[in-house]
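Subject: Handing over a structure

Hello,

Here is the structure I said I would pass on. Please look it over first; my notes follow below it.

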Amino acid sequence: MKIAFIFRALLYSLPFHSLLLSAQHQPSKTSVAHIGLIYPLSSNGHLAAEYSNPFSLHGLIGVSGAETGVALAGVG
């Protein structure tokens, strides 16, 4: 039970962490698409917060500097 609670707490706190990362600075790079499973396992890697993307697709949670189009994330 404790492991499940810790896992859920971490999973729910990650979106807030990604908001803080993206709010700290403006993106300086652009990418056509950003695709990944969870930060930093993605096409932009650990530098994802420095990129602006018109399309972003992530299995769970993604981080980016700015989105200029469609961003999809979640578990279906």
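A term to start with: buried means under 20% relative accessible area, exposed means over 50%, and partly exposed lies in between (1.4 Å probe, protein chains only). Residues are numbered from 1 along each chain as its sequence is written, and side-chain values use heavy atoms, with hydrogens and water left out. The model is predicted: local features need pLDDT of at least 70, side-chain atom pairs count only at pLDDT 80 or more, and totals for chains, interfaces and linings use all residues.

**Ser 64**

By that cut-off Ser 64 is buried, because its relative accessibility is 13%. Ser 64 sits in the loop between β4 and β5. Strands here are DSSP runs of E, at least two residues long, numbered from the N terminus. The side chain of Ser 64 makes a polar contact of 2.5 Å with that of Glu 67. Such a contact is a pair of N or O atoms within 3.5 Å; within protein, one must be able to donate a hydrogen and the other to accept it, and residues adjacent in sequence count only if both atoms are side-chain atoms. Tyr 39 is 25 residues away from Ser 64 along the chain, with 9.4 Å between their C-alpha atoms.

**Strand pairing**

Which strands pair with β4? Strand β1 does, in parallel, through 2 bridges. Strand β2 (residues 34-38) is parallel to β4 too, with 4 bridges. Strand β5 also runs parallel to β4, over 6 bridges. Pairing requires at least two DSSP bridges between the strands. Ser 52 in β4 stands opposite Thr 30, and Ser 52 also has Ala 66 in β5 as a bridge partner. Ile 35 faces Leu 57 in β4.

**Salt bridge**

How many salt bridges are there? The count is 1. The rule asks for a side-chain nitrogen of Lys or Arg within 4 Å of a carboxyl oxygen of Asp or Glu. Lys 29 and Glu 50 form the bridge, their closest N and O atoms 3.2 Å apart. The two are 21 residues apart: Lys 29 is in β1 (residues 29-30), Glu 50 in the loop between β3 (41-42) and β4. Lys 29 is partly exposed, at 31%. Glu 50 is partly exposed as well, at 27%.

**Nonpolar patch**

Ile 35, Phe 55, Leu 57, Val 70 and Leu 72 make a nonpolar surface patch of about 400 Å². Strands β4 (51-61) and β5 (66-73) each give two or more residues to the patch. Leu 57 counts as partly exposed because its relative accessibility is 35%.

Best wishes

Notes: Patch = residues over 30% accessible without salt bridge, like charges linked within 9 Å, V, L, I, M, F, W, Y side chains within 5 Å. Areas by Shrake-Rupley, 256 points an atom, 1.4 Å probe, with all protein chains shown as cover.
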